[in-house]
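Student: I have the sequence and the model open, and I would like to go through the fold with you, one question at a time.

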Amino acid sequence: MAAHRAYLPGARMGSGLSALADELARIAGVFAASGAETVEPAALQPADLLLNLYGEDIRARAYLTDDPVDGALVLRPDFTVPVALLHRASGALSPARYTYQGPIWRRQAPGSARPTEYLQAGVESFGDPDPIAADADMFVLIRDALGGAVPLRAMTGDLSVALAAIRGLEAPDRWVAALRRHIWRPARFRAVLEGYGPDRPAPSESRAALLAAVAAGPDALDAHIVAAAPEAGLRARAEIAGRATALAQDAAAPALARARIAFVEAALSVRGPSGDALAALRALAADAPAAAAAAMSPVLDAMARRLDALDARGVDAAALPFDASFGRALEYYDGFTFEFCAVGAAHLPPLGGGGRYDALTMRLGLGDGSGAMRAVGGVVRPEAMLAAARGAAS
Amino acid sequence: MTEPAALKLGVPSKGRLRDATVAWFAARGIGIENAASSREYAGHVTGIDGVDLVLLSAGEIPRELAAGRIHLGVTGEDLVHEKIPAWQDRLRPVARMGFGHADLIIAVPTSWVDVETVADLDEACAAFRAMHGQPLRIATKYHALARGFLKRAGVADYRLVDSQGATEGVVRNQAAEAIIDITSSGETLAANHLKVLSDGLILASQATLWLALDAPLGPRAARDLDRLTQRLRDGAA
């Protein structure tokens, strides 16, 4: 048992380890040839930053510990944020491409067969001037790093389709923000979306009283809050009044038409070969209200250019599987997403994958402050790759 | 290999939970002796053969059940759900006992007139972060239950703050903005100007007799267990 590692029995010593070391060296060569600079982030990372980025749920997915001086620390659950932090530490003003390899650690649910420690090797690319070319390059680079040992099945997605469909709703800003916030939680997203529709429930008695207080003016609203209870905690009376006013605006805003909601749900349900999926999305947009069509148009044009860029790199892009909701389980991706699975190896995780995460870099403070520094990255799992190759050879 | 030990029944060693447990078994013709006044953590079971009594503090019973060191134990559903990962695979409820009621709830300040539901709380979390530059804090000692409930409800942008006691007071002390805690009456909440969200009941817990699925059971103890559960199924004598 002591020599076991993720997906590879016995590969912590001897010939198993040598084979893995050879594979890691081969992968490092592929990534270095793409012009990436090698970096080595610390295994222990400050936990507060990850908790702030990902929320409380990270505690269920990562190993946290603490240090009397440095405070809460986390064993890195992936490389993306640590590498972005290295880029920020370097000044982060100019484009850069980094490569790395090493173990990451993830807490798994009780009874899960997934490994708690496994190797990743990957590339993060910041500030590419042409994001469409960068997306296509990253897809091809990860595919090449996977080598030719096993037949691969790809899947792709594009979060910007969902984001455009939301923008096209012409909904109040608060509704758009709420939908964007829940894009990575599909069940909640759907509930929120339907809640803005014609079937939204009538306000409760106490909610009706609150809305009446808002309508009666700021003094009446203030009196309503004061009458409820003394102020308690950090959330001030002005914040409560602010949200009450926003709720009144929500109540006064017209409900979203059923057809508008149906458009978003239909766009997010599109799947199939990329060529067909693009045509289906274009057909949906053509039938949609003008605002929705206008919001979708640049995103679908970009998707078409990405397919061309992939074609130019020798990928049969029209046949590439696409799912408009793929990537919604991976918080922080907000554009093109992709992964590769080994055909006939259902017991193995995806061997590699990646995607675009422009918004994350803004939250991390990368770039010159005038906007996000664009970012796209991808990783492979060397242990799973060797396990798949072994399975294919036997 | 020696025959595994006799069937072990874990019972709370003191307090109201102990008294109610003794009465519950007594109503089914099973005596739990010498548990009432003794300061020694020892006693025995009468009215049925082959059952050894193990007196434990209520908080230790989930751990002993999960480890398979006792076969049966009386403790609250809240403690089992909180303390035993994947408890469904490791314990089976034999009987919900009708006492020790405790509701795990999520509560916010009563002055938050704009927050009635968990969905409201989610929006308030987003606004709070925008205003204060930090996530809204929720104080609890039930970390696993809190995280599971909020995940199912689609609330992600918050921080749990550990609070092992007097949780109702943390909002007043500005150590957290909301709480997840056990309430039996609601009076303490009201006194601290807190209100339960309309869909904020996380678990309606009560004292429960559990069977540990991992506890090794010899043929004799298995027969004794069948006899005991049959007796309990037959209900109060």
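Student: Is helix α6 of chain A largely enclosed by the rest of the structure or left open, and why?

Tutor: This is a predicted model, in which local features need pLDDT of at least 70 and side-chain atom pairs count only at pLDDT 80 or more, while totals for chains, interfaces and linings use all residues. Residues are numbered from 1 along each chain as its sequence is written, and chains are lettered from A and ligands numbered from 1 in the order in which they are written. A residue is buried if 20 or more other C-beta atoms, placed from the backbone, lie within 10 Å of its own, and helices (H or I, at least four residues) and strands (E, at least two) are DSSP runs, numbered from the N terminus. Seven of the nine residues of α6(A), which spans 159-167, are buried, so α6(A) is largely enclosed by the rest of the structure.

Student: In what order do the strands of the open three-stranded sheet in chain A stand, and which of them are at the edges?

Tutor: Two strands pair if DSSP finds at least two bridges between them, and β2(A) pairs with β4(A) (residues 71-75) in the antiparallel sense over three bridges, with Leu44(A) standing opposite Leu75(A). Helix α2(A) (residues 47-54) packs on this sheet, touching β2, β3 and β4 of chain A, and its direction makes about 70° with that of β4(A), where axes are lines fitted to C-alpha atoms, for helices over the stretch in contact, and angles run from 0 to 180 degrees between N-to-C directions. The order is β2-β4-β3, with antiparallel pairing. Because each has a single partner strand, the edge strands are β2(A) (44-46) and β3(A) (64-67).

Student: At what angle do α9(A) and α10(A) pack?

Tutor: The contact is made by Leu210(A), Ala213(A) and Val214(A) of α9(A) and by Ala220(A), Leu221(A) and His224(A) of α10(A). By class it has five nonpolar, one polar and no charged residues, with Ala, Val, Leu, Ile, Met, Phe, Trp, Tyr, Cys and Pro counted as nonpolar, Asp, Glu, Lys and Arg as charged, and the others, Gly among them, as polar. The axes are 6 Å apart, and the packing angle is about 145°.

Student: Which helix gives the most to the side of chain A that touches chain B?

Tutor: The contact takes 33 residues from chain A and 31 residues from chain B. On the chain A side, these divide into 15 nonpolar, eight polar and ten charged. Several helices each supply at least two residues, including α7 (173-181), α8 (186-195) and α11 (237-252) of chain A. The most, five residues, comes from α11(A).

Student: Which residues of helix α5 of chain B are buried?

Tutor: The helix spans residues 143-152, and its buried residues pack against α3 (58-61) of chain A together with β8 (136-140), β9 (158-162) and β10 (178-183) of chain B. The buried residues are Ala146(B), Arg147(B) and Leu150(B).

How values were computed:
Two residues are in contact if their C-beta atoms, placed from the backbone, lie within 7 Å. A residue is buried if 20 or more other C-beta atoms lie within 10 Å of its own, exposed if 12 or fewer, and partly exposed in between; C-beta atoms are placed from the backbone.
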